[in-house]
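Please have a look at the sequence and the structure below.

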Amino acid sequence: MIPRIKSIIDRNDYKLEVLFDDGKKVIYDVSDDIKTLENFKDLVDIPGLWKQFTLDQSRTCISWNEYIDLPSDTIYEYGSVM
């Protein structure tokens, strides 16, 4: 089953606090993705883009634009548990 996101809080410094429906809460550090994934570099290079994240209707993906997104299962697995 794909974990569904209940809420997202921008923790600044390219970190997201994500709460899932099952109660698990993690901090996901997007800066690692920015260093390794070419499209994610736009989050630093384009002013204001970082603050424009949205959660899709199924609550299984956070995205910034059509090229940059994070699936909930990645966040669930690799986020640091709070």
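Does Trp-50 count as buried or exposed? Trp-50 counts as buried, because its relative accessibility is 7%; buried means under 20% relative accessible area, exposed over 50%, and partly exposed in between (1.4 Å probe, protein chains only).

A word on the source: this is a predicted model, in which local features need pLDDT of at least 70, side-chain atom pairs count only at pLDDT 80 or more, and totals for chains, interfaces and linings use all residues. Residues are numbered from 1 along each chain as its sequence is written, and side-chain values use heavy atoms, with hydrogens and water left out.

**Aromatic residues**

The structure holds 6 aromatic pairs. Rings of Phe, Tyr and Trp (its six-membered ring) pair if their centres lie within 6.5 Å; planes under 30 degrees apart count as stacked, over 60 as edge-to-face and the rest as tilted. Two of the pairs are set out here.

| Pair | Centre distance | Plane angle | Geometry |
|---|---|---|---|
| Tyr-14 and Trp-50 | 5.1 Å | 75 degrees | edge-to-face |
| Phe-40 and Trp-64 | 6.4 Å | 65 degrees | edge-to-face |

Helices (H or I, at least four residues) and strands (E, at least two) are DSSP runs, numbered from the N terminus. Tyr-14 is partly exposed, with a relative accessible area of 25%.

Phe-40 and Trp-64 also join distant parts of the chain, 24 residues apart. Phe-40 sits in the loop between α1 (31–36) and α2, while Trp-64 sits in the loop between β5 (61–63) and β6 (69–71). Both Phe-40 and Trp-64 are buried. Together with Phe-53, the residues Tyr-14, Phe-40, Trp-50 and Trp-64 form one aromatic cluster.

Strands of a sheet pair through backbone hydrogen bonds, either parallel or antiparallel. Two strands count as paired if DSSP finds at least two bridges between them.

Lys-15 stands opposite Asp-29 in β3. On to the next pairing: β3 and β7 (residues 80–81) are joined over 2 bridges, and Val-26 has Val-81 in β7 as its bridge partner.

Glu-17 lies in strand β2, and its bridge partner in β3 is Ile-27. Glu-17 counts as buried because its relative accessibility is 9%. A polar contact of 2.8 Å (a pair of N or O atoms within 3.5 Å; within protein, one must be able to donate a hydrogen and the other to accept it, and residues adjacent in sequence count only if both atoms are side-chain atoms) joins the side chains of Glu-17 and Arg-11.

**The sheet of 3 strands**

Another open sheet has 3 strands in the order β4-β5-β6, with antiparallel pairing. β4 and β6 each have a single partner strand, so one side of each is left without a neighbour in the sheet. β4 and β5 pair over 2 bridges, and Leu-55 stands opposite Ile-62 in β5.
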